[in-house]
Amino acid sequence: MNELDSFKKIEKYDESSMLELIESFPQQCQDAKCIGGEFELPQEFRRFYKNIVFTGLGGSAIGADLVRSYVADDAQIPVLVNRNYALPNFVTEDTLVIVSSYSGNTEETLSAYHEAVSRGSNIIVITSGGKLEKAAKKDDFPCLMIPEGFPPRCALGYSFFPLLIVLSKVGVIKDQAGSIDDAIRNLRKLKDSKVGYKIPRKYNPAKTMAAEILGKFPVIYGNSDHIDAVVTRWRGQLAENSKTLSSGQLFPEMNHNEIAGWENPKEVLKECVAIILRDSADHPRISRRMDVTRGLLRRDNVKVLEVSSSGKELLARMFSLVYIGDFVSFYLAILNGIDPTPVDKITMIKKKLAKT
């Protein structure tokens, strides 16, 4: 029996039950939709803004990244994600700042929150508690509360769907209820028929890919239209779950620089594997570029793996790629012989910074 098909093997390393969190993700998304729907946005927030800025880090920011990427074609104003202590200079009282910190204690996010307050911006907070919740309540800003107790990267449903619904309530985009339901149905189908633990490796593309990239350096590519944030998610999950370093770049930009770098250092390149994330709505020329790039890399004996999105609507397709990546990162952690959940180096950095 393949080791990824053995629950005993998985249980040996998955001491903190990461598999359960990943497999329950579709239900989390359903719950998150309800949380967003029940959130009461003050009437004064339903106004015209010059721009919207999400601010957050790590697992609290990836939801915002995916929102930004998803609404890029429909939003009538700029929507950006800030990952820093300070806010861009253009943030003013005409900016809606959405502050996301799962723990509520992320120091960079708290700094950006206080800066937004000083600039007179309208602020919406999304958190599970901590200092950020206290500050928002003290300053009388709406606070969208999400369940606590998850590793931030495992709370993606809570950090994405309520934000998407908030944007529809603000009036930046149209109501997304139908698209959200479609995405959740597609996630359930994907888990039950393709990538979930119960699907044997020979029928499971996520298990197969994990085995193929074991011991390798993955380089992840996707289109720059709506898959850019998905590439970021894959890199983050491989780092935190699999404890595996990876790289990523986007089409068409990689064809104008990075493709030339696939020559040296030759010994390092032997240990690299390229992963191309493909979407059915890729621009025809992007799709052609992917084909040509795949051919060039394989000509040089580089292993190239491809992952295709599933689903009809954009939201479903984006999250299908996200979900496959989550499973790949989990299975790779098991093959690496490690518990996917702890992120000791991140915890150590936070502790050291807290002392200074």
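Colleague: Why does Arg299 count as exposed?

Modeller: Its relative accessibility is 61%, and exposed means over 50% relative accessible area, buried under 20% and partly exposed in between (1.4 Å probe, protein chains only). So Arg299 passes the exposed cut-off. Bear in mind that this is a predicted model, where local features need pLDDT of at least 70, side-chain atom pairs count only at pLDDT 80 or more, and totals for chains, interfaces and linings use all residues. Residues are numbered from 1 along each chain as its sequence is written, and side-chain values use heavy atoms, leaving out hydrogens and water.

Colleague: What makes Arg299 and Asp300 a salt bridge?

Modeller: Their side chains meet at 3.6 Å, N to O. The rule asks for a side-chain nitrogen of Lys or Arg within 4 Å of a carboxyl oxygen of Asp or Glu, so the pair qualifies. Asp300 is partly exposed, at 39% relative accessibility.

Colleague: Which parts does the salt bridge between Lys33 and Asp181 tie together?

Modeller: That pair meets at 2.7 Å, N to O. Lys33 sits in helix α3 (residues 25-38) and Asp181 in helix α8 (residues 177-195), so the bridge ties together parts that are 148 residues apart in sequence. Helices here are DSSP runs of H or I with at least four residues, strands are E runs of at least two, and both are numbered from the N terminus.

Colleague: And Arg278, buried or exposed?

Modeller: Buried, because its relative accessible area is 11%. Arg278 also pairs with Asp291 in a salt bridge, at 3.0 Å, N to O. Asp291 is partly exposed, at 25% relative accessibility.

Colleague: How many salt bridges does the structure hold?

Modeller: There are 23.
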